[in-house]
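Subject: Structure handover

Hello,

Here is the structure we spoke about, with its sequence. My notes on what was found in it follow below.

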Amino acid sequence: AQASGRPSVTSIEHRGVMWERAVAMLNDHPTTGVGLAMYRQLRDEYPTPGFEQALVPHPHNAVLQFATDLGWVGVGQWLLQAVLMGFALWLGWRVPALRGWVIALGAGFAAHSVYGLTDAIPVWDRLAFIGWGVLGAAAAVSVMATRSGATDTPASG
């Protein structure tokens with residue numbers, strides 16, 4: 001905590017307060033969430049202790065962000081996105097010519113996922129296109145892998 005009695009915006013203590021706020025929102029709106037990018041707008045209904053007058057933009061956790069914005073449906077979408085990303089990369093790995101793409105996309109997705117544990121680029125914000133672009137590139141790799149028919153496994157028959 002800082003001398004002002006207010007937690008530092010970079011501390012894990014402040015992250016915990018933001019996560020508690022997100023859980024309260026999810027408990028109140030489990031099916032639909034509070035709406036896209038509404039976390040920041042609801043500071044009066046869901047205050048962040050120590051930051052009552054500050055505009056806290058998002059919960060600083062990727063899963064909680066999907067949960068507050070879209071409810072449990074959003075969490076399901078986030079999990080499905082991760083599973084489909086893994087499947088796309090697995091398909092791409094089977095084609096030796098695509099392995100460089102698979103390594104790059106997998107490393108980027110892993111880094112973003114780890115970063116998303118304690119911070120997150122808001123899903124609907126100005127830089128979100130980067131994450132969606134990575135998912136799109138992984139989808140393209142899976143299509144190329146499927147269409148190529150070339151894999152590192154011997155042909156049967």
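Helices here are DSSP runs of H or I with at least four residues, numbered from the N terminus. On that numbering, Thr 48 lies in the loop between helix 1 (12-28) and helix 2. Please keep in mind that this is a predicted model.

Thr 48 first. Its relative accessible area is 2%, and a residue under 20% counts as buried, so Thr 48 is buried. Leaving out residues up to four places away in sequence, Thr 48 touches His 14, Val 17, Met 18, Arg 21 and Val 56.

Two of those contacts lead elsewhere. The charged end of Arg 21 sits over the ring of Tyr 39, 4.2 Å from the ring centre. Met 18 and Tyr 39 are among the members of a nonpolar core of 10 residues, which also includes Val 34 and Leu 42.

That core lies apart from the largest one, which has 13 residues. Within the largest core, the residues with the most contacts are Met 85, Leu 89, Leu 98, Leu 105, Ala 138, Val 141 and Ala 145. As background, nonpolar side chains tend to be buried together in soluble globular proteins.

Next, helix 4. Helix 4 covers residues 129-148, 20 residues in total. From its first C-alpha to its last it reaches 28 Å, close to the 28 Å expected at 1.5 Å a residue. Which of its residues are buried? They are Leu 135, Ala 138, Val 141, Ser 142 and Ala 145. Seen down the axis of helix 4, the buried residues fall within an arc of 110°, so they line one face of the helix. Helix 2 (62-93) and helix 3 (99-115) are included in what covers them. On the other side of helix 4, Phe 129 and Arg 147 are exposed. After helix 4 comes Gly 149, with a positive phi near 70°.

The charged end of Arg 99 sits over the ring of Trp 93, 4.6 Å from the ring centre. The structure also holds one aromatic pair.

Regards

Notes:
Residues numbered from 1 in each chain as written. Predicted model: local features only at pLDDT ≥ 70, side-chain atom pairs only at ≥ 80, totals over all residues. Heavy atoms only, no water. Helix = DSSP H or I, 4+ residues; strand = E, 2+ residues; numbered from the N terminus. Expected span 1.5 Å × (residues − 1). Buried < 20%, exposed > 50% of the residue type's maximum accessible area, 1.4 Å probe, protein only. Arc of directions from axis to C-beta. Contact = heavy atoms within 4.5 Å. Phe/Tyr/Trp six-rings, centres within 6.5 Å; stacked < 30°, edge-to-face > 60°. Lys NZ or Arg CZ within 6 Å of the ring centre and 35° of its normal. Core = buried A, V, L, I, M, F, W, Y, C linked by side-chain atoms within 4.5 Å.
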